[in-house]
Amino acid sequence: MPAQLPPEDDAVDDDTAEDAASQEIAARALDRVATREGIAVGVATAAYGVSFGALSVASGLTLWQTAFLSLVMFSGGSQFALIGVLAAGGVAAGPSAIAGAALLGTRNGLYGIRTAPIVGRGWLRRFAAAWITIDESTAVALAQPTPRSSRRGFWVTGLIVFAGWNLTTFVGALIGNTLGDTRSYGLDAAAAAAFVGLLWPRLKRRQALVVAVAAFVVATALTPVLAPGLPVLAAALVAIVVGWSNWAGARSGTPSGTPTRGSGR
Amino acid sequence: MTLWQIVIAASIACVVLKLAGYLVPASVLKKPTLARISELVTVALLAALIAVQTLGAGTGVALDARVPAVLVAVVLFALRVPFIVVVIVAALVAAGLRALF
């Protein structure tokens with residue numbers, strides 16, 4: 001503090017310092033909220049990694065292929081889609097399985113556009129952020145009120161889900177290897193239920209509901225006709241047509257491409 | 001294609017898509033058609049996967065224990081039951097029906 005400044009400036013500076021201190025306390029409180037939310041979402045998601053691991057080995061993948069998916073692909077919807085198509089069509093359905101997983105993965109790219117300004121600087125940090133940009137990390141980040149707590153929420157959620165998902169899918173794959181006939185444990189129905197859980201939070205708008213019903217009908221009708229995997233891709237065309245023309249859509253409303261929270265990925 | 005090639009190719013595709021989000025300008029999101037199509041494609045793929053996973057049997061369609069299991073799952077999700085609980089209950093319903101009949 002320069003000595004020539006009048007005393008009243010001192011008082012003002014004290015006030016500013018107090019403001020800064022109370023702002024820091026408030027920011028830390030928001031950080032704690034973001035951390036708590038991240039932990040809750042992370043633990044819930046990791047828990048169902050066990051079911052993915054078991055289903056993955058049941059569909060014909062090895063333990064290490066399952067682990068590779070969780071480490072590198074790291075996107076529950078895409079992972080379930082890949083093993084679902086492979087379970088039905090085997091290696092011959094490989095191209096459809098890859099296309100299905102990639103199409104489901106496009107939404108992570110859209111999330112990245114929103115989270116890119118939040119995650120911090122440096123190419124290594126941004127590379128890591130992209131790797132863990134999924135439904136959960138994006139949803140928790142965007143739900144926080146300040147940029148600082150958004151950044152905290154993104155990293156806490158993403159890192160906990162990454163660690164937990166990899167750990168629990170590995171355990172699930174080990175369990176799956178010892179199960180034998182997975183149908184008698186109802187694991188095929190569990191996979192279908194998992195897809196319902198992923199879809200459910202996305203059905204809030206009428207247009208989404210219309211597309212979901214149409215896609216369900218198209219996929220069912222084409223299953224006896226087309227090779228495994230192709231009915232799923234054909235159903236995606238329904239979405240492109242409806243989305244392009246905005247048929248059955250509202251003029252305004254909540255923006256699309258917003259991640260859903262809660263019931264997993 | 002081998003299983004490993006499929007696993008690696010699909011994984012790389014998903015990582016590249018994530019990285020792309022950090023490279024494109026934010027103005028891309030201002031095009032509502034693109035964002036809408038992306039969200040609806042996700043919805044359509046998940047609905048189609050439910051259909052195939054619930055009704056598909058090899059190269060045909062079959063009604064079996066999976067159908068009541070998935071219906072139970074739909075009801076439980078509507079009641080806001082946690083994800084992992086619903087998945088386990090669905091497995092138990094299908095396993096129970098198969099053990100009984």
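## B:Arg80, out in the open

B:Arg80 is exposed, with 10 other C-beta atoms within 10 Å. On this scale, exposed means 12 or fewer such neighbours, buried means 20 or more, and partly exposed is in between, with C-beta atoms placed from the backbone. You'll find B:Arg80 in the loop between α3 and α4 (83–100) of chain B.

This is a predicted model, in which local features need pLDDT of at least 70 and side-chain atom pairs count only at pLDDT 80 or more, while totals for chains, interfaces and linings use all residues. Residues are numbered from 1 along each chain as its sequence is written, and chains are lettered from A and ligands numbered from 1 in the order in which they are written.

## Another positive phi, in chain A

A:Asn246 also isn't a glycine, yet has a positive phi of about 55 degrees. A:Asn246 sits in the segment after α11 (230–245) of chain A. With 15 other C-beta atoms within 10 Å, A:Asn246 counts as partly exposed.

## Chain B as a whole

Chain B has four helices and two strands, running α-α-β-β-α-α along the sequence. Helices (H or I, at least four residues) and strands (E, at least two) are DSSP runs, numbered from the N terminus.

The C-alpha trace of chain B spans about 55 × 40 × 25 Å along its principal axes. Its radius of gyration is 19 Å, whereas a compact globule of 101 residues would come out near 13 Å. That radius is taken over C-alpha atoms, and the globule rule is 2.2 Å times the number of residues to the power 0.38. Of the 101 residues in chain B, 46% are buried.

## Where the two chains meet

On the chain A side, 84 residues are in contact with 67 residues of chain B; contact means that C-beta atoms, placed from the backbone, lie within 7 Å. Several helices of chain A each supply at least two residues to this side, including α1 (7–47), α6 (123–131) and α10 (206–222). The most comes from α5(A), with 17 residues. By type, the side of chain A that touches chain B divides into 54 nonpolar, 26 polar and four charged residues. Here Ala, Val, Leu, Ile, Met, Phe, Trp, Tyr, Cys and Pro count as nonpolar, Asp, Glu, Lys and Arg as charged, and the others, Gly among them, as polar.

A:Thr223, in the loop between α10 and α11 of chain A, is buried, with 24 C-beta neighbours inside 10 Å. Leaving aside neighbours within four places in sequence, A:Thr223 is in contact with A:Pro231, B:Val52, B:Gly56 and B:Val61.

## A helix pair across the chains

Helix α9 (residues 187–199) of chain A and helix α3 (residues 66–78) of chain B have axes that come within 9 Å and cross at roughly 30 degrees. Axes are lines fitted to C-alpha atoms, for helices over the stretch in contact, with angles from 0 to 180 degrees between N-to-C directions. Among the residues that meet are A:Ala189, A:Ala193 and A:Val196 in α9(A), and B:Ala69, B:Val74 and B:Phe77 in α3(B). The residues of this contact split into nine nonpolar, one polar and two charged.

Technical notes. Contact = placed C-beta atoms within 7 Å.
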